[in-house]
Amino acid sequence: MSETGCRHYQSYLKEHSYDTFRVIDAYFAACVNRDAREKKAIHCNCFECGSYGIQLYACLHCIYFGCRGAHITSHLRSKKHNVALELSHGTLYCYACRDFIYDARSREYALINRKLEAKDLQKSLGWQPWIPTAKETNLLLANARRRLVRPNQTIGLRGLLNLGATCFMNCIVQALVHTPLLSDYFMSDRHECGSKSSHKCLVCEVSRLFQEFYSGSRSPLSLHRLLHLIWNHAKHLAGYEQQDAHEFFIATLDVLHRHCVKAKSEHESKSNSSSSGSGGTNSSSSSSSHCYGQCNCIIDQIFTGMLQSDVVCQACNGVSTTFDPFWDISLDLGETTTHGGVTPKTLIDCLERYTRAEHLGSAAKIKCSTCKSYQESTKKFSLRTLPSVVSFHLKRFEHSALIDRKISSFIQFPVEFDMTPFMSEKKNAYGDFRFSLYAVVNHEGTIDTGHYTAYVRHQKDTWVKCDDHLITMASLKQVLDSEGYLLFYHKNVLEYE
Amino acid sequence: MTVSNAVDQFTMLTGDRSKIKDLLCSRLTECGWRDEVRLLCRSILLEKGSNNSFTVEQLVSEVTPKARTLVPDAVKKELLMKIRTILTENENEDDDDDEVEEQEDEP
C-alpha cells in the first residue's frame, strides 16, 4: 500500500511538482546546511504576528509563514490555498481535508533532507520506524506463528559443555550471545557470506550459534567447531591448556572482524561479477586489507571506540594529540606509584586513574613537535568516541620479572554508569554516554589454576550465572558482589546514521 | 527585537535548536511520555472518533493541555539547564571571536 496524500495534494502536485516542497523542506524544516539555517533564522517568522512561533506552517502555494491555528488557517482560507508544510516536524497539511497527509515520495525527499541535516550538524539521525522489505514481508507471511517472549522464559539460554579447560571460551561466548546489538544483527540474518567455504568463516559459525541458542532446545551445546576455527585463525590460542579469557575475547573480535571484511569483499565481488558478467576483477583490494577502526563491519560498529592521547610539552605547553582505536579498556589495579600509593576501590577510581595526566619523567623525553626539542612532558588519555559496548578488563593478573600474582581485591562496579566525565569533549552538551551493565566474567582461583564463570543479563532485571553446562538464576546482588574480571556495559541510547 | 526572538534566531543559526529538539524527543520517549500521549489520543478517538467531523485540530486542542502537564519536571529542568549552558557558552565565546574562528576550522 503506497501513500499518496489526498486528492487535493495530487492536484497541487500536477500544478506545482515536488520542487516547492523539496526546497521549503530543505531550508525551513530540515535546514540542511549553514545557509539554510541563516535563511530560516532571518526570514522564517509568522507574517501575522512576527513570532518565531512554537509551530510554524509554510504555505506551499505562495510565500507565507504563519503560526499554527488562526494565522495560517486565515491565510489558507482567504487565498483558497490548500497545502501547507508544518515546519517543526516537516508534516504536510491539507486545509481542504483539515488533516495531515502522507505522501510516500514526499517522505522519501524529506528523509534525504533529514540525512543531509544530520550530516551537516554531525548529529544522530532521528529514529525511523522499521519498514519491512518485500523479502521480509514474505517471510513474515510464510511464518505466521509468532513467539512471545515472556518474563521467566528460558529461551536464549543454553549451557556450554566444557571440552577440557575451555571455560575461558564458554564465558566469552555467553557474554557475546547476550550482547543485545549483536543478537539483533544475527537474529535478523544480516551476515551475508560470499565466501564459498562458509564452514571456515567464524561469523557464519557465530550466526549458527545464535540459531542454536534460540532454538528452544535446553541441552548444553558443544563449541568444538568454534574452538577449532579460533585455533586455526589465532594460532597463539591453540592447544589444550587453559587460556586467558580476555585474550580469547580480543582474538575472537579480531577474527570476526577479519572474516566480516573478507565476507563482504567476496560478497561484493560475487555480486559485481554476476551483474557485469566480466569476472569481477575490479573488486577493490583496499576493502580486504586490514582497516581496523575504519571499516563499518558489525564488530567495529559495536565494539570500536577511539582513545585520545594528549602529550603536553612541559617547556612550551605545546599539545600533540593522537587517536587510537580500542576494543576494550584495560585498567590497573595495583598501588599507584605517585599520589601516596593509593589502591583503587571502584571502577570509577580505576577510570580516573586511567585518564589522569601522567608525568613521563626525565628518562622519557619526547621530541616536541612545537618547540622541536627533547623535553619532559605529560601524557593524558581521554575517550574521544565510545563504542555501543564498552568492555573493561580489570588487570587482575600481574606478570613482572619478580613475581606473577593475581590481585583479588574487591573492585566495586555500578549497574548504571555515565561515562561523560571521561570524554575528551566535555563541552559537547548533547552526547549521551549512559551505559548499563549486562555481563560480568569472573575468574575463581589462583594465577596458575582456576575456573571462569559469567553472569549475564538474560532479560531486564533478570540475571543468570553461566558455569559451563550449568545455568542458574542469580540476583543482582550476587553479580555486584562478585570479583569481576571483564565487565561489559551497553549504551542506553543508540545513535543512528 | 525581543529577547525570545533573539534566542530563537541564535539557536536556529547554530543548529542548537535542532539538537535540543532531538534531545527533548528522546527524553520524552525514554520517560514514557510519548506512550502516555498516544494512549490519551486513542481514548479520545474511541470516544469521539465515530463522529466524522472530529478533526485533528480538535484532537490537538484537547490533548495539548493534558499532555503538557504530563511532561516530567526532571525533563523540563534538564532542557532548561542545557539551553542556559548553550547561551552562556556563546556569551563567553563572543568576547573572543578569534578563538571561535579557530575552533570552527577544526574538522
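Two residues are in contact here if their C-beta atoms, placed from the backbone, lie within 7 Å. With that in hand, welcome to a predicted model in which chain B is built from six helices and zero strands. In chain B, residues 24 or more positions apart make up 62% of the contacts that have a separation of 6 or more. Chain A brings two domains and an open sheet of four strands, and the two chains touch through 17 residues from chain B and 16 residues from chain A.

**Chain B on its own**
- Read from the N terminus, the elements of chain B follow the pattern α-α-α-α-α-α.
- Chain B has 107 residues, and 8% of them count as buried.

**Where chain B meets chain A**
- Chain B gives 17 residues to the contact, and chain A gives 16 residues.
- On the side of chain B that touches chain A, at least two residues come from each of helix H1 (3–14), helix H2 (16–30), helix H4 (56–70) and helix H5 (73–95) of chain B.
- By class, that side of chain B holds five nonpolar, seven polar and five charged residues.

**Domains of chain A**
- Domain 1 of chain A spans 7–121, and domain 2 spans 167–276.
- Taken over C-alpha atoms, the centres of domain 1 and domain 2 of chain A are separated by 49 Å.

**A helix pair in chain A**
- Two packed helices are described by the angle between their axes and the distance between the axes.
- For helix H2 (residues 19–29) and helix H3 (residues 34–43) of chain A, the angle is about 80 degrees and the axes are 7 Å apart.
- Angles of 65 to 115 degrees count as roughly perpendicular, and H2(A) and H3(A) are therefore roughly perpendicular to each other.
- H2(A) makes the contact with A:Ala26, A:Tyr27 and A:Phe28, while H3(A) uses A:Ala36, A:Lys39 and A:Lys40.
- Sorted by class, this contact of H2(A) with H3(A) contains four nonpolar, no polar and two charged residues.

**The sheet of chain A**
- Strands of a sheet pair through backbone hydrogen bonds, either parallel or antiparallel.
- In chain A, the open sheet has four strands in the order E7-E6-E12-E9, and the pairing is antiparallel.
- Strand E7 (319–326) and strand E9 (358–359) of chain A are at the edges with a single partner strand each, so one side of each has no neighbour in the sheet.
- Strand E6 (residues 305–313) and strand E12 (residues 377–385) of chain A run antiparallel and are joined by eight bridges.
- A:Asp310 has A:Lys380 in E12(A) as its bridge partner.

Terms used: Residues are numbered from 1 along each chain as its sequence is written. Chains are lettered from A and ligands numbered from 1 in the order in which they are written. This is a predicted model: local features need pLDDT of at least 70, side-chain atom pairs count only at pLDDT 80 or more; totals for chains, interfaces and linings use all residues. Ala, Val, Leu, Ile, Met, Phe, Trp, Tyr, Cys and Pro count as nonpolar, Asp, Glu, Lys and Arg as charged, and the others, Gly among them, as polar. Domain bounds come from an automatic or database domain assignment. Axes are lines fitted to C-alpha atoms, for helices over the stretch in contact, and angles run from 0 to 180 degrees between N-to-C directions. Angles under 35 degrees count as roughly parallel, over 145 as roughly antiparallel, 65 to 115 as roughly perpendicular and the rest as oblique. A residue is buried if 20 or more other C-beta atoms lie within 10 Å of its own, exposed if 12 or fewer, and partly exposed in between; C-beta atoms are placed from the backbone. Two strands pair if DSSP finds at least two bridges between them.
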